[in-house]
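Biologist: I have a model open and would like to go through it before I plan anything. Can you walk me through it?

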Amino acid sequence: MNWRLAMVRVLYCMKIASPRWAKSLSDGTAWFGSVESYIQKAQKDHNDEQGDEFEGIFARVWRFSDVLIGYMKKFGDELEIIPDGEYCLLRRKSVRKACIFCMYGLTSNDFKPVSKPYYKDGVEVCDFEHSVNQKMFDGFLGSNEKAASVCASAGHLRDAISKGATIAGYSIKRQELKYDLDFTQVFEIKGIEPGSPYEELFHKRKRFSYQHEIRSLISNGSCPPKEDGIPIQYEKLGKDSLFYGESSDNGMIIRMTASFKMSNNDSSEKQV
């Protein structure tokens, strides 16, 4: 039997945070933090797991290159140039005011089968599990912070937050991150133009891939002055869709039992 699993959608999401922020999310408030706040968390608090001083970087180029000159002409004062030895990292200044909400997201490819298929109530099922990387607990929070988590149906939470954002007058762009940036190499994220959507916020350095991040971006608004984010109120979900837990600092294994259906492309392949 073929046990390849088709990745069709994100099916599970989780937020690891201090109890204050995790409880707030479970009670119906999604905090969209400013990119500036994540940059500052890395620079001032030296937390380079939850924070990232290189958030929003869209290029690494040689400092004497025509490519850099081209970007300087194109973006003018909007361009932030960060020295990096013989190279420069480039970022749009306005991206610091963008507001994002992050979750740990899992697709069927992230769950590994831990049993042979069996029948339950006449339905063929299999047991699966996923081990959350210990880095999510060791480095993601401050040394004195207790870890808490919110686990949710990805679809239910997505729809609830999107509805709340619409009521507040905001639009949301949501996407899995691409961990494709290598700061030892020259690179440019294509399509970055003055005034264009912040596509660079859906790319991060390869070393962050353990975070499995699903990122939501408020695409038609920016962080208010003297604030560090935008709260989005949504209708609180029931326990069948979302649950809150504490004392998760020793790691976590997520287990699920899933049924199958035949794939349309291959009669020997099954999908969760």
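This is a predicted model: local features need pLDDT of at least 70, side-chain atom pairs count only at pLDDT 80 or more; totals for chains, interfaces and linings use all residues.

Biologist: How many helices and strands does the chain have?

Modeller: There are 5 helices and 20 strands. Helices (H or I, at least four residues) and strands (E, at least two) are DSSP runs, numbered from the N terminus.

Biologist: And what percentage of the residues is buried?

Modeller: Of the 272 residues in the chain, 45% are buried. Buried means under 20% relative accessible area, exposed over 50%, and partly exposed in between, with a 1.4 Å probe and protein chains only. As for contacts (heavy atoms within 4.5 Å), among those between residues at least 6 apart in sequence, 78% join residues at least 24 apart.

Biologist: Now the open sheet. What is the strand order?

Modeller: The order is E4-E5-E3-E13, with antiparallel pairing. Two strands pair if DSSP finds at least two bridges between them.

Biologist: Which strands stand at the edges?

Modeller: E4 (79-84) and E13 (187-188) do; each has a single partner strand, so one side of each has no neighbour in the sheet. E4 pairs with E5 (residues 87-92) over 6 bridges, in the antiparallel sense. One of the bridge pairs is Leu79 with Arg92 in E5.

Biologist: Which helix lies across those strands?

Modeller: Helix H3 (residues 66-75) lies across E3 (57-62), E4, E5 and E13, and runs at about 135° to E3. Axes are lines fitted to C-alpha atoms, for helices over the stretch in contact, and angles run from 0 to 180 degrees between N-to-C directions.

Biologist: Which residues of H3 are buried?

Modeller: Leu68, Tyr71 and Phe75. They cover an arc of only 60° around the axis, which puts them on the same side of H3. The arc is that of the directions from the helix axis to the C-beta atoms. Their cover includes E3, E4, E5 and E13. Exposed Asp66 and Lys73 are on the face of H3 turned away from the buried side. Just after H3 comes Gly76, with a positive phi of about 60°.

Biologist: Back to Arg92. Buried or exposed?

Modeller: Arg92 is buried, at 1% relative accessibility. Its side chain makes a polar contact of 2.9 Å with the side chain of Glu200. A polar contact is a pair of N or O atoms within 3.5 Å; within protein, one must be able to donate a hydrogen and the other to accept it, and residues adjacent in sequence count only if both atoms are side-chain atoms. Leaving aside neighbours within four places in sequence, the contacts of Arg92 include Phe58, Phe75, Glu78 and Tyr198.

Biologist: What about His203?

Modeller: His203 is in strand E14 (residues 203-205) and counts as buried at 9% relative accessibility. The side chains of His203 and Asp180 are joined by a polar contact of 3.0 Å.

Biologist: Switching to the largest nonpolar core. Which residues touch the most other members?

Modeller: Phe32, Leu157, Ile161 and Tyr234, out of 24 residues in that core. The largest share, 5 residues, comes from H5. A nonpolar core is a set of buried Ala, Val, Leu, Ile, Met, Phe, Trp, Tyr and Cys residues joined through side-chain atoms within 4.5 Å. Not counting residues up to four places away in sequence, Leu157 touches Cys13, Met103, Ala152, Tyr234, Leu237 and Leu242.

Biologist: Why is E10 largely enclosed by the rest of the structure?

Modeller: Because 5 of its 6 residues are buried. E10 pairs with E17 (residues 242-246) in the antiparallel sense over 5 bridges, and Ala148 stands opposite Glu246 in E17.

Biologist: Last one: where is Lys236?

Modeller: Lys236 is in the loop between E16 and E17. Lys236 is exposed, with a relative accessible area of 53%. Leaving aside neighbours within four places in sequence, Lys236 is in contact with Ser26 and Asp27.

Definitions and conventions. Residues are numbered from 1 along each chain as its sequence is written. Side-chain values use heavy atoms; hydrogens and water are left out.
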